[in-house]
Amino acid sequence: MSNDVEPATAADPANPADSATLDDEPRPATYYHLARAVLYREYLIFVRYPANAIGGIVVALFFFGVLFYGGRLLAGQALTDSLSGIIVGYFLWTLSVGAYSSVSSDIGSEVQWGTLERHITTPFGFAPVALLKGIAKVVRTFLTSAVVLAVMLLVTGTRLSLDPLTVVPVAGLAITSVLGLGFAAGGVTVLYKRIGNWLNLLQFGFIVLISAPVLDAPWTRFLPLAHGSAMLQRAMVDGVRLWEFGLVDLGLLLAVAVGYLLGGYVVFHYATRRARRLGVLGDY
Amino acid sequence: MARSAASERDGPRERGDARVGDGRASGDPALSIEGVSKRFGKGEESVLAVDDVSLTVERGSIVGLLGPNGAGKTTLIKCALGIVLADTGSVRVFGTDVGDGRRAAYANVDAMLEGARNDYWRLTVRENLRYFATIAGVDPDSVRARHDRLLDRLELTEKADTPVRELSRGMKQKVSLASVLAGGAELVFLDEPTLGLDVESSRTLRRELRRLAREEGLTIVLSSHDMSVIEDVCDRVVMMADGRIVADDTVAALLSATERDVVRVASADIDDAVVATLRKRFDVRAVESGPDATDATSVEVAAGGDALYDLMDTLREAGVTVEDIGTVRPELEDVFVDLTGMEPGGGGTIEDGATGSDRTETEPLGRSP
């Protein structure tokens with residue numbers, strides 16, 4: 001997240017020269033102000049327009065209902081035996097879809113509104129703004145997915161280990177890789193607006209990644225979600241705590257998360273740069 | 001809103017100077033564009049949108065950018081902002097090369113682009129101002145009083161806590177402008193800022209733009225199809241056509257440079273034969289007849305100096321009793337049409353004689369008894 005602008009410092013009240021200007025003199029915003037502004041905006045939209053979040057929860061629960069009751073009719077005991085794993089996988093899928101679609105569709109909307117340029121032409125640089133927006137989306141997705149998880153557990157009577165110190169970091173890092181995919185898809189949307197809609201179908205591919213055979217095919221651990229999904233299964237189904245995982249597992253989880261996030265950002269960066277060269281950025 | 005106002009006061013300039021560097025102190029112009037060209041597409045179908053344009057905008061001035069659709073105005077603005085990357089040339093904002101230190105330059109620039117919302121409709125007016133002030137690099141708490149004044153001057157105070165989506169189109173336009181000014185940029189690009197505004201709102205906005213430039217040293221580059229906005233607000237006009245600058249001068253100079261010796265004569269005695277005679281001997285610019293045969297016909301004739309006496313003699317010989325006569329005061333739009341051959345609102349070429357008299361005002365010389 002390099003920034004060739006010196007992060008400005010706030011005026012020092014102890015300095016008389018500064019305090020003389022406190023009333024009406026613009027003071028530079030720091031990264032703290034930036035974080036507060038971006039997160040507060042997400043919060044405002046979340047609480048002011050709850051229908052979007054509630055709609056997402058209802059749709060997620062509907063599909064789970066179809067999966068659960070339909071599966072029980074067709075597979076009976078086999079489904080019951082693997083129910084814990086299915087619930088964990090479904091929970092991770094709702095998290096992934098939430099993070100991915102919120103980032104990619106957010107970029108699409110910002111292009112339409114003409115607000116994306118204002119974030120690209122900020123003196124902070126786009127990277128910190130994008131990262132903060134991503135964090136806000138992840139937090140919001142965790143809240144809605146937690147509701148989905150709670151209802152799933154209640155409906156099915158399943159018990160899972162829900163240690164937040166383990167579940168939040170593992171699931172959070174697992175979906176960070178998806179955030180990277182969201183940025184990449186957002187970048188492609190900036191360039192090719194129609195293709196962007198098709199990229200939403202990628203979210204169904206997350207099911208494959210979440211259920212990737214990491215034991216039989218270890219290379220799949222390097223794909224987004226796969227390794228994190230396996231760790232989340234162990235954490236929530238087998239009750240493994242964060243500090244009980246090996247360093248290699250934790251390191252790989254972190255590396256995959258950071259790798260895909262950076263990769264996605266690089267794609268976004270070059271896509272917007274190409275869009276600027278082609279003159280299609282801000283092409284309303 | 002502009003921070004340049006602060007430069008007139010004592011006290012540190014925590015932001016601008018540190019970011020922008022020496023350019024501000026050395027008195028560099030607000031904007032310096034040198035040899036910028038931009039071509040879209042490749043091969044035969046490519047379009048040269050901006051063709052080797054150089055332009056300097058001094059601090060605290062309001063420069064109008066005029067041109068028909070496709071003249072390259074918006075592309076030039078986007079090149080200056082870095083939203084479009086130019087093929088050649090350089091753009092300096094307060095002395096900082098946009099290519100070298102784009103983010104440093106961005107600290108002092110903002111823009112309101114045509115067709116863009118520019119702000120979040122789900123947030124209230126004040127929330128937008130605070131958000132975009134932060135994004136522009138200013139702590140919103142430090143400019144709370146300035147935001148209040150801005151809202152007041154743009155007559156938005158009553159709607160400050162209303163979500164933008166609930167406002168009328170004109171108000172949304174004003175919020176969009178307010179959000180651009182909220183961060184205190186010292187150079188702002190406004191692309192069609194009065195589009196969709198009613199007469200009163202447009203007047204308010206013009207007044208505020210003039211005040212910001214005069215009192216706070218804000219530099220404004222304003223693009224508009226509305227000639228009255230340009231004439232009313234701008235110190236200087238840059239006209240573009242086919243990606244090039246075809247005129248760059250003050251409004252007064254542009255008006256005085258154009259053909260001023262056009263007179264309009266109205267009489268019910270002017271018939272086709274008289275018009276034909278006039279066409280043979282003079283440069284007839286326009287002919288306008290009323291709906292009824294008994295209505296006066298007016299002709300606009302280029303006739304300065306002795307030609308004016310000749311015109312009068314010709315009219316007397318033809319038995320024409322002059323009912324009304326006056327010089328035709330050229331408007332900016334006439335200058336524009338003369339220079340570009342196009343209508344400001346469209347890309348079409350004006351046909352000969354189609355510079356209709358509805359765009360001109362007549363200064364009465366005298367009225368026959």
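Chain B is divided into domain 1 (4–255) and domain 2 (260–366), with bounds that come from an automatic or database domain assignment. The contact between them takes 16 residues from domain 1 of chain B and 14 residues from domain 2 of chain B, where two residues are in contact if their C-beta atoms, placed from the backbone, lie within 7 Å. This is a predicted model, in which local features need pLDDT of at least 70 and side-chain atom pairs count only at pLDDT 80 or more, while totals for chains, interfaces and linings use all residues. Residues are numbered from 1 along each chain as its sequence is written, and chains are lettered from A and ligands numbered from 1 in the order in which they are written.

The table lists the elements that each supply at least two residues of the side of domain 1 of chain B that touches domain 2 of chain B; helices (H or I, at least four residues) and strands (E, at least two) are DSSP runs, numbered from the N terminus.

| Element of chain B | Residues |
|---|---|
| Helix 10 | 227–233 |
| Strand 9 | 236–241 |
| Strand 10 | 244–249 |
| Helix 11 | 251–257 |

An open sheet of four strands in chain B has the order 2-1-4-5, with antiparallel pairing, and two strands pair if DSSP finds at least two bridges between them. Strand 2 (47–57) and strand 5 (96–97) of chain B stand at the edges, each with a single partner strand, so one side of each is left without a neighbour in the sheet. Strand 1 (residues 31–40) and strand 2 of chain B are joined in the antiparallel sense over seven bridges, and Phe40(B) has Val47(B), in strand 2 of chain B, as its bridge partner.

Turning to helix 6 (residues 125–135) of chain B, eleven of its eleven residues are buried, so this helix is largely enclosed by the rest of the structure; a residue is buried if 20 or more other C-beta atoms lie within 10 Å of its own, exposed if 12 or fewer, and partly exposed in between. Its buried residues pack against helix 2 (31–48) and helix 6 (116–120) of chain A, together with helix 7 (144–153) and helix 8 (169–182) of chain B. Just after helix 6 of chain B, Gly137(B) takes a positive phi of about 100°.

Of the 152 residues in the largest nonpolar core, Ala178(B) and Val188(B) touch the most other members; such a core is a set of buried Ala, Val, Leu, Ile, Met, Phe, Trp, Tyr and Cys residues joined through C-beta atoms within 7 Å.
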